[in-house]
Amino acid sequence: MFCFLIFFTLFRNYFVSYFRGCIFRTYFMHLIFRYDIIRFVLRRARDAKEEISFMKRIMIIDDEFIFRQGLKYMMDWEACGYSIVGEACNGAEGLKIFLKLHPDIILCDVVMPGVDGIEFVKMIRKYNGPPVVMLSNFDEFDKVREAFQYGASDYLLKNRVTKEMILECLDRLIPEKKRSICLQSEKTFGILARTILDGYGQDNFDAFQSYVRQSLPKRNYQMILFFSPQPDFQNEEDLQMFLQENRNCPPALSCFTTQNHAIVLFSCSEVVTKRQNDILMEMLVSRTRHTSCVVSIPFSDLVLFKEKAEKLLDLCGYSILYENQLCFYEEELSEKEGELPSFPNEQYVYYAEHGKWKEACDLLLEYMDKLKNSTKMDPFRFKKFVEYTFYSSLKNARQFAKDSIAISRIELKLFKQLDCILTYSQFCEAVTSAYGELSVVCGEKNVADDVSESLQNYLEDHYMEQITLYDVADYLHMNYSYLSAYISNRTGKHFSEHLNDTRIRHSKKLLADTAFSISHISECIGYADQSYFGRVFKKQVGMTPLQYRNKMQRKDL
């Protein structure tokens, strides 16, 4: 076949002129026309593959949401050969995203709460990370200089950054990227769709409509919305590749939104058959494991693009009402099914007032079973109903339990779980677990106050890391402000003092038993700044770390 194509390419014009007067000219002209189509498709596929392979992936780390949005909308990144694949508000979150997405280059702010830009550069150095461009203000040059010592590649002034400056910087760091891609003037589907969805695209709608009509062969469309595409799809390229490689999928355009959802727009007939829908659903189910998605009914007017996406986003929440089902059709979720059953509230209140938590849980689960696998109640109302019912029981629970902190932990743990749950089965499991914990806490006469013990255990395990009270609150499933006040009232010390106590205790052991340098010990126990370690040590021990080491050595002699 390959040799035939080469031969046909070399002698195509000869065949056209020769068969023009032949009796079989119609047959041969059709053959030549089909050959031209095959060659055009192969060329487009090759060009698309080259374009994707040269697209460089960027991650932005900055604690200012407005600045991150400004960078994202500063230019058409994809037309310039770049793709913004992730963003984070501090170094700790940035490290997690970096390990998951492996971007080609990182734009990182210098000063951020928690783990700052300098600490982030130090952390990714051991992973042989990509180039890091520091984003700084005028008064942060000392910190930028320190970041360069740990491996930062370049820096940009935040209040003077421009499109040209960024591209010039990126091209220096990634010289092998093909600049020919930047010469494209056409906006991509991703940037156009995001501007429409975010409400900034009134002036770009004509460009969006023109792009879609040129890219998709038909004038009827269906949309798929994925609530949270990662980790099922790592990025836009992964999603588009999945669509292209599946032969059952019609021509499609796809992108991630600024709210970390994903949208697929594809051509369809005016009337979609059940067979076509079944094939599409089978394709989605094969890949969708960690999120929910909804397929729209066909529509022809692209003015409805944003409205359709918002509706599908709301419908994605119905997965919490269905047992082990994550993929849906808009049509099956749009109409309400039957009357909403009434909840036996008086009986539930009786169980809660008498501490019968198992019976209260069974009654709630029984009511939830009447709502599952249906659209009798919308998912937002369903979730709020369960949260309110559980919350209304806690006043009674605190009368049975001596430790109200334990009740608060159970409450916060459940509400946090319900925010992340996907299916009805997971929902029931979380509710059952919460009521079971209530039974244990309320059934014990003497409930131990283990917050202080849990705090100390956490500090012992993590004192060498850049931890904050937010990390401890998340670990204990407690409110940050409440935990801060609780620690201060119960112990007379702030969280930072407990952390310093733990670190200094370990540093004294290292100073006495090892020959490590003081700077190395400072890093080992979690202090990035040796001078700050020296000040804290002297305040607690009454002497500098070196003086303490000398004193302990004289004792040994």
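**Close-up views of helix packing and nonpolar cores**

Of the 557 residues of the protein, 46% count as buried, and the model shown in these views is a predicted one.

**View 1. Overall fold.** The secondary structure of the protein comprises 26 helices and 10 strands. When contacts between residues at least 6 apart in sequence are considered, 69% of them join residues at least 24 apart.

**View 2. The largest nonpolar core.** This core has 69 residues, and those with the most contacts inside it are Phe 189, Phe 208, Leu 265, Phe 305, Phe 382 and Tyr 435. Helix α19, which spans residues 424-443, gives the most to this core, with 10 residues.

**View 3. Surroundings of Phe 208.** Leaving aside residues up to four places away in sequence, Phe 208 touches Phe 189, Leu 192, Ala 193, Ile 196, Leu 302 and Phe 305. A second, separate core of 27 residues includes Leu 459, Val 472, Leu 499 and Tyr 548.

**View 4. Packing of helix α20 with helix α23.** The axes of α20 (residues 451-462) and α23 (residues 495-513) come within 10 Å and cross at roughly 50 degrees; the two helices are therefore oblique to each other, and α20 passes α23 in a right-handed crossing.

**View 5. Residues at the contact of α20 with α23.** From α20, Leu 455, Gln 456, Leu 459 and Glu 460 meet Phe 495, His 498, Leu 499, Thr 502, Arg 505 and His 506 of α23. The residues of this contact divide into four nonpolar, four polar and two charged. Leu 459 and Leu 499, which take part in this contact, are also included in the second core of 27 residues.

Technical notes: Residues are numbered from 1 along each chain as its sequence is written. This is a predicted model: local features need pLDDT of at least 70, side-chain atom pairs count only at pLDDT 80 or more; totals for chains, interfaces and linings use all residues. Side-chain values use heavy atoms; hydrogens and water are left out. Axes are lines fitted to C-alpha atoms, for helices over the stretch in contact, and angles run from 0 to 180 degrees between N-to-C directions. Helices (H or I, at least four residues) and strands (E, at least two) are DSSP runs, numbered from the N terminus. Angles under 35 degrees count as roughly parallel, over 145 as roughly antiparallel, 65 to 115 as roughly perpendicular and the rest as oblique. A crossing is left-handed if the near helix is turned anticlockwise from the far one by less than a right angle, and right-handed if clockwise. Contact means heavy atoms within 4.5 Å. Ala, Val, Leu, Ile, Met, Phe, Trp, Tyr, Cys and Pro count as nonpolar, Asp, Glu, Lys and Arg as charged, and the others, Gly among them, as polar. A nonpolar core is a set of buried Ala, Val, Leu, Ile, Met, Phe, Trp, Tyr and Cys residues joined through side-chain atoms within 4.5 Å. Buried means under 20% relative accessible area, exposed over 50%, partly exposed in between (1.4 Å probe, protein chains only).
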